[in-house]
Amino acid sequence: MAFCSMAQIDVHSHIVTPQYLAALEQHGALMDEGFPIPHWDVEKHIAFMDRAGISTAVLSMPAPQPWFGDVAEAAKICRSVNEECALLKARYPGRFMFCAALPLPDVGAAIEEARYALDVLGADGVKLATNAYGQYLGDPALDSLMAFLNERHAVIITHPHKPSAVNNQLIASVPLASYEYLAETSRAILNMVAHNILVRYPNLRVVVPHCGSFLPTALPRFRSLLPVMVKQGIMQPVDVDANLSRLYYDLAGAPTDEALDMLLDITTPDHLLYGTDYPYVAEEALIAGKRALAGRLALHALAEEDIFANNARRLFGESVPIRTYGERITRLAEIEVEPEMLEEYMAFAREVGQVSMTTEPGVLALFSMQAKDNPSKIYILEVYADNDAYQQHIRTAHFQKYKKSTEKMVRSLKLIDTTPMVKMGFVKYGK
């Protein structure tokens, strides 16, 4: 059993409305992104959330961008999506948030819709495509929109769309989502950095999807080329680190051990967010992936409640303290319980685990396992922020209750202090 806060937030999920689908079908754009758009239903979405333990999903319009050359038509489609999101947010309190769709590439219409969505519909932010028919994030044409969103301290959810120039034969063989989406996201974010967008508009908070895409590998090369390009007069000097400090990263896609390692090379744990990409990924795969991610977070000594909830809560304006990571303690507890008392012991263990993870910021992970050939033998991976956090934990009333209530149930207890080897920690993506 792994314990974390009950409130878990999915910052990367999509709504597919009938009006949006009808517009795409009318213009022959249903397959513009190279793969079918999945069916979406609010009741099924909520049922999935309940199964997966997700309390809140942040909805956004998927690709493609509904632009067919008519500003009024694009604005009408985006408005219909945003109004449906607002309706669901009101109808199911606490279950949905949304980032509004904007009718780009028309900047004036986009500002008008952003104002209406934020002020009237109660949008929690806006969703921006990496490019809207060649108009990439970072384009000076978008400065007035960025200035408006900066005034509103807006959260911007970004999402890859088909590049403006692409080999159609190639994407028929190699789907956009498998490679080009990652390149497309990296291309757009680096263009924002190159134009110093997040320094010039410092109130913006931008979410990068799919585990940072190719940014962790592209950034070192970008840093090395920047002074050369500046010296040649091709680029202007930019503060790369200041731009990066405004970026957040959702873990939708494939949050492997290597992906987490690379993300932590370019950002801090408080900028990592949980995301599913629902309904584009099968529900069973998402549930299994969420379970595997919990294991990976434990191996990386990251607090589940931060990645699954607190970081998103802070991003969207709640006052949640940022956890500080000191000299972490990682320990493996090996416990053998009297077989006839196992069920009673497990009840106390669940209680102390749940209370510890939800009330003690210094308790980063409690990940429990039973031996297959001997269920009475239990192993608990314990991770604490530092020794002070551990000492505080063992003095709490809930831990003392657990200790006193179970001391006659425990046949043996062995505590093994460990040194995490993150590069050698593997959690299989699966059931």
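The model I am reading is predicted.

Cavity entry. I searched the whole structure and found one cavity of 30 Å³ or more; the largest cavity has a volume of about 50 Å³. I then listed its lining, which consists of M61, Q65, A101, L102, L104, K127, L128 and A129, and sorted these residues into six nonpolar, one polar and one charged.

Helix entry. I looked up helix α11, which spans residues 257–266, and noted D257, A259, L260, D261, L263 and I266 as its buried residues. Among the elements that cover them I found α9 (215–231), β9 (247–250), β10 (272–273) and α12 (283–299).

Residue entry. Is H393 buried or exposed? I placed H393 in helix α15, residues 387–395, and its relative accessibility is 3%, so H393 counts as buried, the cut-off being under 20%. Beyond its neighbours within four places in sequence, H393 touches S356, E360, V363, Y384 and F399.

Whole-protein entry. I counted 16 helices and 14 strands, and noted that 54% of the 431 residues count as buried. Of the contacts between residues at least 6 apart in sequence, 79% join residues at least 24 apart. The protein exposes about 19100 Å², with carbon and sulfur atoms supplying 55% of that area.

Key
Residues are numbered from 1 along each chain as its sequence is written. This is a predicted model: local features need pLDDT of at least 70, side-chain atom pairs count only at pLDDT 80 or more; totals for chains, interfaces and linings use all residues. Side-chain values use heavy atoms; hydrogens and water are left out. On a 1 Å grid over the protein atoms alone, a cavity is a set of points where a 1.4 Å probe fits but cannot get out, and a pocket is an open set with protein on both sides within 12 Å along at least five of seven lines; lining residues have an atom within 4 Å of a point. Grid points are joined across faces, edges and corners, and a volume is the space filled by probe spheres set on the points. Ala, Val, Leu, Ile, Met, Phe, Trp, Tyr, Cys and Pro count as nonpolar, Asp, Glu, Lys and Arg as charged, and the others, Gly among them, as polar. Helices (H or I, at least four residues) and strands (E, at least two) are DSSP runs, numbered from the N terminus. Buried means under 20% relative accessible area, exposed over 50%, partly exposed in between (1.4 Å probe, protein chains only). Contact means heavy atoms within 4.5 Å. Accessible areas come from the Shrake-Rupley method with a 1.4 Å probe; for residues, only the protein chains shown count as cover.
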